[in-house]
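I am opening a notebook on this chain.

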Amino acid sequence: MSAQVASATVAVQQRSPLSEAQTGLWYAQRLSPAPATFNTAHVVWFEGALDLARFRAAADAAAAEAEALCLRVAEDEAGVPRQWLDPSHLPRVQVVDLSEQADPLHAAREAMQSDRLQPVDPGRDRLAQQRLFVLGPQRFAWYLRVHHLATDGYGMALFSARVCALYAGETTDALQPLRPVLDEDAQYRIGERRVADAGYWQAYMQDAAPAEGPGGGMTAARADALRLTETINAPLREQLLAAAQAMGQPWPDLLTALTAEYCRRVTASDAVTVGVPYMARLGSASARVPAMVMNVLPLRVAAAADETVASRVRDTARALVRGRRHGRYRGEQIRRDLGWGGQQHRLHGPLVNVQPFYRPLPWQGVTARLEVLCTGPVDDITFGFRGDALTSLALEIEANPQQYTPSAITAHGRRLLHFVSAALDVQARGGLLADVALCTPGEAQHWLHAVNATQHAVADVSLAALLNRQLADSPDATALVFEGEALSYAALEQRSRALALQLQARGVTRESRVVVALPRSLSLVIALVAVVRAGGAYLPVDLDHPDARLHRILASAQPQCVLAEAGDAQRFAGAPVLSPSQWATRSDVALPDSVQPGDAAYVIYTSGSTGEPKGVVVEHRAIVNRLEWMRSQYHIGPEARILQKTPATFDVSVWEFFLPLVSAATLVIASPGVHRDPQALTRLIVAERITTLHFVPSMLDAWLAVPDLRGLPLQQVFTSGEALDAGLRDRFHARVDAELHNLYGPTEASVDVSYWPASREDRSDPVPIGHPVWNTRLYVLDARLRALPAGVPGDLYLGGVQLARGYLGREDLTAERFFDDPHVAGGRLYRTGDRARWRDDGALEYLGRSDHQVKLRGLRIELGEIESVLRGLPGVARAEVLLRDQDPGMPARLVAYVSGDALDAGSLRSVLGTQLPAYMVPAAVVVVQAWPVTANGKLDRTALPLPDTRAAGRSAQTPTEQALAALFQQVLGLAAPAAADADFFALGGDSLSAVHLLLAIQQRW
């Protein structure tokens, strides 16, 4: 028995407190749903004539020196964890002969896998296990599994090196005992140095936010992380060493700096905090002791303008040096000091772990190869580098399988090494860090071109030509239906031709603009068709808009004439008005078709960031591509009956108007106001046998509240205009037997540019906006217009035939949002202002507006993150969060609005406090029964009710008043029943909540 083992025997009854590092691990394991994650393991594969007796002697002797390997840990009577050495738990090597197995290698791997995934009870089980698997006459596998309470990665390397030395007959430089390490830790805990270290980290992290990694989630570590190992070739190692020498920096710090910047890029953040393991051995009693000593220090990395690669590396190296000076102070204690203890708030995101102390060991008479099997808990992702860079260096990635896929970590491995190499190239020429692209050349090719291989032959004709052909080909078919009146294609041709000739006589020609200010009716559709056939561009306006806005549009558009009812003529003073009563209905004169594909087809005005409306000019070629794609993609033909219910000022109306008319289908026009009454809309769907219609998700949500939606003739329902929530998709399929399709596109790109089948089988969350339509390009780019890979958020740009010409009369705005495509010669791009990211399968996920980010009390907050957490809570069907900073008498505050089943605002807020930083928890949660929408059907955030609304006025007296007051309260989410004389809209009501109120009244009475 060695002296150290004898010493351990004496010490077997001496129970000591855990070190600070061990204490954190102890409690983390106790709380972990997968305690096996705290196992670490590696295997050394031997080829050659290994001397078994000599190896066993060396391994056992080293195990006797490494006292921590025979530790046991348990709680005493007071519940305090204590540790002691137990010689009976000395991990002597076990020789397991598998050479007679059919597949010895497979059998060895199975045995190792089974052992390392087995949870270890530190008070009962051995913390360490050694096995030597005999695979053949000259093939062996030395397996070592150690619980993290016993040692860290540096200790594993020490132990392996000691076994190698003993095998070679070197008996000096033994591993040192554990006691001095524990004593050193105890002294540090009560010393002044710890106080100084705490002050340093408090100052360093004072304005930091909880970290996120590329995976984006908060999921517990799994027992078996995904692993990838990539050998770094000699040219890159040489490049790394040369660059480090040129900059006068240690190569591990250079590699840490570049990897940390990679982490910032893949999270698309201005700043990130990564974790950097610190071995804490230099000048310590633990220098030659396998023990759990290592710490993980936070390293903050932020983007800076005009920063060179060299300056970033120098700044990072300085931060690392300063951090190491205070590196004994535990990362988990820093987290507690920040007030994040007990909350799911991370101190750091990914780990960047450079381990230069791993060198190839000189095993006598055999070749050896180290394979790391697991290194402990992996909450998100670890980018590790193992080796001395002179003789070898490997990239090792470990990732949480609940947040990453094998293909994702393979892509990370390829991309990170390319990023490092590209950064070193840029550094060599003194370039900026921002010059380094994130994508590999192959990824750039894929995400710019392969996913956008949408070329499809479409006849280069105008919308007028498509209409003319169909009007001639289907004369007897029903073209339009409105309030019981039907119009055939022949009649539509006659009336639209007569009006088109009349318009031409008034000077309407190619590029002329004709304002159309009519309610939904046969006249509206006749007017639109006539303007297009006359060669003009129709410009719809909403008569509900104030006169001042209409006058601004008229002044901007300078229309040739206005098509409006005679009673509205005074609102268009200065412009000639042609009312339906003045329209010609017949003409025997042929209408020449001189319209060109590049002519303007329509102009739709949208709100501008400056408050001045801007007119989007869309050409015939663009809308023809959109209509022909939809007709083919969804098999729209003569049997289709398409409902037109969207206001003409909203671009979705364009396909509602014209898709049926270029497909020989029937266009059913909803009466004005019907789209606001879900029950009346449902009756219309049944009566007119509607097969196809569109909803903005907010309105779809309201419509699904109709009691009986069974047996509808619907075949296809399309949504666009807002993000389609996964819960709403599922609720649709639970109630309606029809296809659901999610479309995306801005007015500036001819209605829709992408599509996704949100089918009953779809489990996507979020629901993607999907893939590009014909002859369209979707790019997710960084600030330098470079491609971004899957999973990385970026700015969404659109290209292709469907792009609008620009903004009418606003060359400045056009140049700001439309510009040359740097990736396709002769192409144009449109900057959407939306954020998106690719999925691995090539589908696009919409992430919200780039301006959905706010600052509150100096802290940057992504409202989408809070909304995502809310949507994940039981019962929440939809969530929206606002920064309310304009409410009179109230400070700026976050307010969350939610809808769903059996929701309690106070409970929801409490749960948010467990999942979000305090500064991201909304000051109030308001439960709403209906979501307000604009005239275009999009969520109207400005109309969401104020929190803590109190009823004022005469209290309800009669049963009817009391019932209505209760319905007001229910629909608007008021704290109490409304007053009998309350104004529904003054209390926060709007068109959509009025729809819900109407439904509730209809159901009650």
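Which side chain makes a polar contact with the side chain of Glu396? I looked it up in the model, which is a predicted one. The partner is the side chain of Arg386, at 2.9 Å.

**Entry 1: around Glu396**

I placed Glu396 in strand E14, residues 394-399. Is Glu396 buried or exposed? Its relative accessible area is 10%, and the cut-off for buried is under 20%, so Glu396 counts as buried. I then listed what Glu396 touches, leaving out residues up to four places away in sequence. The list holds Arg227, Leu228, Thr229, Val372, Thr382, Phe383, Gly384 and Arg386.

**Entry 2: salt bridges**

I ran the count and got 55 salt bridges. I noted a few of them.

Glu371 and Arg109 meet through their side chains at 2.9 Å, N to O. This pair links distant parts of the chain, 262 residues apart. Glu371 sits in strand E12 (residues 366-375), Arg109 in helix H4 (residues 104-116). Arg109 is partly exposed, with a relative accessible area of 33%.

Arg805 and Glu619 form another salt bridge, at 2.8 Å, N to O. Arg805 lies in the loop between E31 and strand E32 (806-807), while Glu619 is in strand E22 (residues 614-619), so the pair ties together parts 186 residues apart in sequence. I checked the exposure of both ends. Arg805 is partly exposed at 30% relative accessible area, whereas Glu619 is buried at 19%.

Arg312 and Glu307 meet at 3.0 Å, N to O, in a salt bridge of their side chains. Arg312 is buried, and Glu307 is buried too. Glu261, Arg264, Arg265, Glu307 and Arg312 are linked in it by salt bridges.

**Entry 3: the five-stranded sheet**

I went back to E12 to see what it belongs to. In what order do the five strands of its open sheet run? The order is E5-E6-E7-E2-E12, and the pairing is mixed. Strand E5 (94-97) and E12 are at the edges with a single partner strand each, so one side of each has no neighbour in the sheet. On average, neighbouring strands here are turned by 20° against each other, direction ignored.

Inside the sheet, I looked at strand E6 (residues 128-136) and strand E7 (residues 139-147). They run antiparallel and are joined by eight bridges. Arg131 stands opposite Tyr143 in E7.

**Entry 4: the three-stranded sheet**

I found an open sheet of three strands, ordered E1-E4-E3, with antiparallel pairing. Strand E1 (16-17) and strand E3 (71-75) are its edge strands, each pairing on one side only. E3 and strand E4 (residues 81-85) pair over five bridges. Leu71 is opposite Leu85 in E4. Helix H2 (residues 20-31) lies across E3 and E4, at about 65° to E3.

**Entry 5: strand E31**

How many of the seven residues of strand E31 (residues 794-800) are buried? Five are, so E31 is largely enclosed by the rest of the structure. I checked its pairing. Strand E30 (residues 776-781) pairs with E31 antiparallel over six bridges, and Tyr779 has Tyr797 as its bridge partner. E31 also pairs antiparallel with strand E34 (residues 828-838), over five bridges.

**Entry 6: helix H17**

Last, I listed the buried residues of helix H17 (residues 547-557): Arg549, Leu550, Ile553, Leu554 and Ala557. They cover an arc of only 140° around the axis, so they lie on the same side of H17. I recalled that an α-helix has 3.6 residues a turn, so residues three or four places apart point the same way. What covers the buried residues of H17? The cover includes strand E17 (513-517), strand E18 (537-540), strand E19 (561-564) and strand E21 (600-606). Just after H17, I noted that Gln558 takes a positive phi of about 50°.

Note on methods
Residues numbered from 1 in each chain as written. Predicted model: local features only at pLDDT ≥ 70, side-chain atom pairs only at ≥ 80, totals over all residues. Heavy atoms only, no water. Buried < 20%, exposed > 50% of the residue type's maximum accessible area, 1.4 Å probe, protein only. Helix = DSSP H or I, 4+ residues; strand = E, 2+ residues; numbered from the N terminus. Pairing = 2+ DSSP bridges. Arc of directions from axis to C-beta. Contact = heavy atoms within 4.5 Å. Polar contact = N/O pair within 3.5 Å; in protein donor to acceptor, adjacent residues only side chain to side chain. Salt bridge = Lys/Arg side-chain N within 4 Å of Asp/Glu carboxyl O. Axes fitted to C-alpha atoms, helices over the stretch in contact; angles between N-to-C directions.
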